[in-house]
Amino acid sequence: MKRIWFFILVFSGLSFLVNCSSANLNNPRLSREWMLVSFKNYPKEDLIRNNAKIDLSAPAENRKIKGGAFMGCNKMFFTAAFKKNGTSTFSDIGSTLMACRNMKLEDDFSRSLKTMQHYQLEGHFLILNDSEGNVMKFIAADWD
């Protein structure tokens with residue numbers, strides 16, 4: 001009987017440690033589609049016209065999200081991790097290879113996304129920023 005309680009305590013402790021450091025992936029406020037509303041010097045109207053967005057609604061695997069993005073031309077993809085301490089990582093960034101008239105937004109977004117190290121959820125907004133003070137601000141696509 002003592003061994004059973006010992007294993008229960010050990011398992012509970014390990015579960016607690018994993019949950020404290022694991023990615024914040026089960027947060028329904030984070031796992032959704034987000035519309036880009038502020039990025040560099042791009043006017044909000046241009047972001048809206050391009051339907052600029054990221055999609056974090058895919059199921060998480062190994063504490064990471066296989067996300068997607070669209071900036072008006074190519075479909076982009078990436079791997080993202082969001083931790084409870086407010087840090088984020090973006091990796092494996094790529095896209096389809098369609099030639100489009102103006103790819104500046106897409107190129108700037110792709111280069112900047114991999115530098116975003118922190119995130120905040122404020123109301124209906126997702127805010128990403130890097131150590132240089134660069135910010136990407138999104139609003140939940142399903143927000144009325």
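Trainee: Is F109 buried or exposed?
Mentor: F109 is buried, because its relative accessibility is 0%. Buried means under 20% relative accessible area, exposed over 50%, and partly exposed in between, with a 1.4 Å probe and protein chains only. The model is predicted: local features need pLDDT of at least 70, side-chain atom pairs count only at pLDDT 80 or more, and totals for chains, interfaces and linings use all residues. Residues are numbered from 1 along each chain as its sequence is written, and side-chain values use heavy atoms, without hydrogens and water.

Trainee: How many aromatic pairs are there?
Mentor: Five. Rings of Phe, Tyr and Trp (its six-membered ring) pair if their centres lie within 6.5 Å; planes under 30 degrees apart are stacked, over 60 edge-to-face, the rest tilted.

Trainee: Why is the pair of F39 and F109 edge-to-face?
Mentor: Because their planes stand at 75°, with ring centres 6.0 Å apart.

Trainee: And F39, buried or exposed?
Mentor: F39 is buried, at 2% relative accessibility.

Trainee: What about F82 and F90, how are they arranged?
Mentor: F82 and F90 are also an edge-to-face pair, 5.7 Å centre to centre, with 85° between the planes. F82 is buried at 0% relative accessible area, and F90 is buried at 6%.

Trainee: Which residues form the aromatic cluster?
Mentor: F78, F82, F90 and Y119 form one cluster.

Trainee: New topic, charges. Which ring does K137 sit over?
Mentor: The charged end of K137 sits over the ring of F125, 4.3 Å from its centre. The rule: NZ of Lys or CZ of Arg within 6 Å of the ring centre and within 35 degrees of the ring normal.

Trainee: Where does R32 lie?
Mentor: Over the face of W34, at 5.6 Å from the ring centre.
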